[in-house]
Amino acid sequence: MTERIKKKFGRVVILGRPNTGKSTLLNAIMNQKVAITSPLPQTTRKNSRVVYGDERGKIIFSDTPGIIGKVDDLVGRKINLEAPKESNRAQVMVVLMDISREKTEEENKVISIVRKSGAKKVLVYNKIDQAIGSKDHLAEYNYLEEEFDKVISISALKGKYVKGLLSIIFKMLPEVDDEEIEKDAELMALGGGIVIGMGSEEFVSEIIREKAYLFLRKEVPYSLTVEVDSIRDKEKMIVVKAKILTNAERYKKMIIGKNGKKIKEIGFNARKELELMSARKVFLELTVEVDRHWAERALAA
Ligand SMILES: Nc1nc2c(ncn2[C@@H]2O[C@H](COP(=O)(O)OP(=O)(O)OP(=O)(O)O)[C@@H](O)[C@H]2O)c(=O)[nH]1
Ligand SMILES: [Mg+2]
C-alpha cells in the first residue's frame with residue numbers, strides 16, 4: 001500500500017478595524033496584488049478569498065472589510081456584516097492591530113468577534129516600520145494578548161516578518177490527506193490559484209475604485225462604485241469600458257473635476273496599473289453617471 005501524503009490545509013480569516021493593513025498583508029503573503037488598499041477606512045467592501053499554496057500545504061485566505069463600531073449609513077451597515085460572516089468558517093483568525101495609531105473603542109468590536117470564535121487566534125501588531133517614537137502605541141494593545149494563542153509584530157507594507165506569520169499559521173492548521181485537499185469544493189471553485197487579472201471584471205473595477213480613492217476628497221469614495229461594462233481583447237490593445245456610479249449630481253461634478261481633470265487622473269492611473277498587470281496596452285473608456293441605487297445592487301448579499 002502506498003503511504004498517504006498529508007499536508008496542511010485550512011481556512012484563515014484576516015480581521016481588524018479599517019485601515020489596519022489587512023489587504024496589504026494579503027498582497028504581501030501572495031507576493032502580488034490581489035486586493036486594493038488605500039489610506040481611507042472601509043476600502044475593502046466585500047469578503048474576498050484567495051488560495052495560498054507551497055510545499056507545506058494550502059490555505060484559503062479571506063480578506064474582510066474593516067469592522068467599525070458605529071455605522072449609520074446603508075453602505076457602512078452592509079460592509080460591517082461581512083467580516084462576522086466569514087469568521088465562522090475559519091480555523092485560524094489573524095487579527096491586525098495598527099500599533100502606529102492610538103487604540104480606540106473600535107478595537108472592542110473586533111475583539112467581541114474574536115471572543116465568539118473557537119478558532120486559533122493570532123494577534124498581529126502591524127506597521128512596526130511606522131510605530132516609532134510618539135507613534136509607538138504598542139503598550140496600549142498589550143493587554144489583548146491574553147485573548148490570543150500567538151502574537152507577532154510585522155510590517156505588511158515592507159513585507160517584514162510576513163514569512164514568520166505564515167509559519168505560525170501553518171503550524172496551527174490541521175494535517176489533511178493530500179487527496180482530500182484536492183477534492184475540496186471551495187478550493188476547486190477558487191481554481192487553486194489566483195484567478196484575478198484582466199479577465200476579471202470585478203478586479204478591474206476594484207483597480208479603478210482604488211485610484212478614485214486616491215484622487216478624490218474623503219467623502220466622495222463612500223458614494224461611488226465602479227462597474228465594468230466590457231473588456232475586449234483587440235489585437236493591439238485591451239479595450240475596457242467602465243463607469244463610475246455615484247449617488248448625487250454634486251459628487252458627479254467632483255469626480256469629473258474642473259475640465260475633466262479628476263476623471264482623467266483616475267483613468268490615467270488605473271490604465272497604467274492595468275497595463276502593468278497585463279503587460280499589454282490598455283485603452284480605458286471611463287465615464288461617470290448618477291445612479292441613486294448603486295449601493296443596494298453592488299452590496300447585495
Ligand atoms: N507604514 C505602513 N503602512 C501600512 C502597513 N500596512 C498597511 N499600511 C498602509 O495602511 C493603509 C491601509 O491599508 P489597507 O491594506 O488598505 O488596510 P485594510 O485593513 O485592508 O483597510 P480596509 O479594507 O479599509 O478595512 C494603506 O495606506 C497601506 O499602505 C505597514 O506595515 N506599514
Ligand atoms: Mg482592505
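Reader: In which helix do Glu265 and Lys262 lie, and how many residues apart are they?

Author: Both Glu265 and Lys262 belong to helix 11, 3 residues apart, about one turn of the helix. Helices (H or I, at least four residues) and strands (E, at least two) are DSSP runs, numbered from the N terminus. This is a predicted model, in which local features need pLDDT of at least 70 and side-chain atom pairs count only at pLDDT 80 or more, while totals for chains, interfaces and linings use all residues. Residues are numbered from 1 along each chain as its sequence is written, chains are lettered from A and ligands numbered from 1 in the order in which they are written, and side-chain values use heavy atoms, with hydrogens and water left out.

Reader: How is a salt bridge to be read, and what is the distance between Glu265 and Lys262?

Author: Side chains of opposite charge can pair when their charged atoms come close. The criterion is a side-chain nitrogen of Lys or Arg within 4 Å of a carboxyl oxygen of Asp or Glu. For Glu265 and Lys262 the closest N and O atoms are 3.7 Å apart. The structure holds 25 salt bridges.

Reader: Which parts does the salt bridge between Glu107 and Arg17 tie together?

Author: The closest N and O atoms of Glu107 and Arg17 are 2.8 Å apart. Glu107 lies in helix 4 and Arg17 in the loop between strand 1 and helix 1, so the pair ties together parts that are 90 residues apart in sequence.

Reader: Is Glu107 buried or exposed?

Author: Buried means under 20% relative accessible area, exposed over 50%, and partly exposed in between (1.4 Å probe, protein chains only). Glu107 has 0% relative accessibility and is therefore buried. Arg17, with 2%, is buried as well.

Reader: How do helix 10 and helix 11 pack?

Author: Two packed helices are described by the angle between their axes and the distance between the axes. Axes are lines fitted to C-alpha atoms, for helices over the stretch in contact (heavy atoms within 4.5 Å), and angles run from 0 to 180 degrees between N-to-C directions. Helix 10 and helix 11 pack at about 65°, with axes 4 Å apart.

Reader: What is the order of the strands in the open sheet?

Author: Two strands pair if DSSP finds at least two bridges between them. The open sheet of 3 strands has the order 8-9-10, with mixed pairing. Its edge strands are strand 8 and strand 10, each pairing on one side only. Strand 9 and strand 10 run parallel, joined by 9 bridges.
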